[in-house]
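Here is a brief report on one protein model. Look first at the fold, then read on.

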Amino acid sequence: MNIEEKLEQIFENVGVTFEQNNELKKKHLLGKEVGMAARDLLIAFFMIEKAFQIQIPEETIVNGEFNTYEHILGTVKKCIGII
């Protein structure tokens, strides 16, 4: 399973699927279009850290870089060392 598949699986586990509409990956997760609950985003945060064995830097959250699927994917790749 590659990084994107694993990340999509995590989001599916908290009730968010991008299968029907890939454009949602660019949208704010807590926004009206995606409609993710804040608690689910927090759960996804911990699931992502565990699944990828990474520690997401605090500044990523503070700088608003943990708000879309695409931003989170980029963060995971940075933490792993792919980009």
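Helices here are DSSP runs of H or I with at least four residues, numbered from the N terminus. By that numbering, Glu19 sits in the loop between helix 1 and helix 2. The model is a predicted one.

**The core**

The largest nonpolar core has 23 residues. Leu7, Phe11, Leu29, Met36, Ile48, Phe52 and Ile72 touch the most other members. Helix 1 (3-13), helix 2 (38-52) and helix 4 (69-80) each supply at least two residues of this core. Helix 2 gives the most, with five residues.

Take Leu7. Setting aside residues up to four places away in sequence, Leu7 touches Ile48, Phe52, Tyr69, Ile72 and Leu73.

**Two contrasting positions**

Is Glu19 buried or exposed? Glu19 counts as exposed because its relative accessibility is 66%, and the cut-off for exposed is over 50%. Thr75 belongs to helix 4. Thr75 counts as buried because its relative accessibility is 6%, and buried means under 20%.

| Residue | Relative accessibility | Class |
|---|---|---|
| Glu19 | 66% | exposed |
| Thr75 | 6% | buried |

**Contacts and distances**

Which residues does Thr75 contact, leaving aside neighbours within four places in sequence? They are Ile56, Thr60 and Glu65.

For Glu19, one distance is given. Glu19 and Ala51 are separated by 32 residues in sequence. In space, their C-alpha atoms are 21 Å apart.

Conventions
Residues numbered from 1 in each chain as written. Predicted model: local features only at pLDDT ≥ 70, side-chain atom pairs only at ≥ 80, totals over all residues. Heavy atoms only, no water. Core = buried A, V, L, I, M, F, W, Y, C linked by side-chain atoms within 4.5 Å. Buried < 20%, exposed > 50% of the residue type's maximum accessible area, 1.4 Å probe, protein only. Contact = heavy atoms within 4.5 Å.
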